[in-house]
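Dear colleague,

Please find below the structure I promised to pass on to you. Have a look at it first, and then read on for what was found in it.

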Amino acid sequence: MRKFLSAFVVFWLIWSVLSGFRMQDVLIGAVVSLVLSFVVSRYLSFSFDFRIFYKVFLFIVIYIPVFLYRMVLANLDMARRVLSPSIPLNPGFVKVKTKIKSKTGKLTLANSITLTPGTMSVEVDEETIYVHWVDVQGEEKEEYSKEISGSFENILGGIFR
Amino acid sequence: MMDILVFFLTGFGALFSILRIILGPSVADRAAALDTMNVIITGLIVFLAHVFESSLYLDIAIIYGVLAFLETVVFSRYLEVDPK
Amino acid sequence: MTIIGYFFLLVGASFYALGGLGMFRMPDVFNRLQAGTKATTLGTISLLFGVGMLHPEWMLKILLIIVFLTITNPVSSSTLARSAYLAKVKTKTKKDDLKLLLNGDDDDD
């Protein structure tokens, strides 16, 4: 039942944003998303309750500014590498440990790693993320984790558990 | 004037991705360049919505983005099989 | 408003150009993916935000496109990198901690 309600709300919101907020569009969207969520809700694996508002608020206020700042830094770094005449590279694959359990948290962490300076996540399993790094520095694994995912790990661990 | 500059820069990016598609030594290079070119074209369609003053192009951009993502995932599933 | 919109449009378009140039100049697949993904994601956010500034009545739809692209673009580049690794594409990589995982069992999911 909770899955059904979550799917209904998500479908209805997407329909309304895509088709505009006139009366007849919103009503047709309600009917269509009722039928669709009745069909689909058995196969879904997500559901949410009222804490979602709190989580989304935290996500927008705390996570998004840090993310945008790191992303602009990443792009300036990448522009410097691309535009310099001989490209400075020292690529390698490294492992990064993570403590986040939930699937959404892991997806967000992997996406953040991909969009921050010089790193790209390649493979995710239970508690490690495998990362391709353009410019490997240092030798120890703890250094890697701190360097690559430290700040995001703390923020996302607070939000997603 | 500004529109022409934006078109020029975007087309510059798309041109180099197409060069990489033609030159790329392996299939993975071509798939990566195709992914980049698809994202650039999605942005270009949204910019066309501004130039032609019509919000229909936004729907086209959404559908193009969904199809580009599916295309990349299908290509990479195909690449995973060892060619030997 | 118009000036800010055109500023974001120009920034986004120049990041697109940088992404294409990085895709052309970098030496192997993984570095190409890095340059392409980062530059085009920030370029898309900036250019779409610029169009939303010029036409404030489209802002909701444009935010939807931005959220969608910001989620799917890193995922697709990550799957491409994983499959390029599994297909053993030639690289210039010097250090490889990943051998433990990916040489054993190939496709189990």
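A residue is called buried when its relative accessible area is under 20%, worked out on the protein chains only. Please keep in mind throughout that this is a predicted model.

With that cut-off in hand, we can begin with C:Arg32, which counts as buried because its relative accessible area is 5%, and buried means under 20%. The side chain of C:Arg32 meets that of B:Asp29 in a salt bridge, with 2.4 Å from N to O. This pair crosses between chains, since C:Arg32 lies in helix H2 (residues 29-54) of chain C and B:Asp29 in helix H2 (residues 27-52) of chain B. B:Asp29 is buried as well, at 3% relative accessibility.

Which residue forms a salt bridge with C:Arg82? The partner is A:Glu123, and the closest N and O atoms of the two are 2.6 Å apart. Here too the pair crosses between chains, going from helix H3 (residues 59-86) of chain C, where C:Arg82 is found, to strand S2 (residues 119-124) of chain A, which holds A:Glu123. C:Arg82 is buried at 12% relative accessibility, and A:Glu123 is likewise buried at 12%.

A further salt bridge stays inside chain A, where the side chains of A:Arg81 and A:Asp77 meet at 3.4 Å, taken from N to O. Both residues belong to helix H3 (residues 51-83) of chain A and sit four residues apart, which is about one turn of the helix. Over all chains, the count of salt bridges comes to six.

Lastly, I would point you to C:Lys61, which is found in helix H3 of chain C and is buried, with a relative accessible area of 13%. If its neighbours within four places in sequence are left aside, C:Lys61 is in contact with A:Val17 and A:Leu18 of chain A, and with B:Ser55, B:Leu58 and B:Asp59 of chain B.

When you open the model, you might start with C:Arg32 and B:Asp29, the salt bridge between chains C and B, and then turn to C:Arg82 and A:Glu123, the one between chains C and A.

How values were computed:
Residues are numbered from 1 along each chain as its sequence is written. Chains are lettered from A and ligands numbered from 1 in the order in which they are written. This is a predicted model: local features need pLDDT of at least 70, side-chain atom pairs count only at pLDDT 80 or more; totals for chains, interfaces and linings use all residues. Side-chain values use heavy atoms; hydrogens and water are left out. A salt bridge is a side-chain nitrogen of Lys or Arg within 4 Å of a carboxyl oxygen of Asp or Glu. Helices (H or I, at least four residues) and strands (E, at least two) are DSSP runs, numbered from the N terminus. Buried means under 20% relative accessible area, exposed over 50%, partly exposed in between (1.4 Å probe, protein chains only). Contact means heavy atoms within 4.5 Å.
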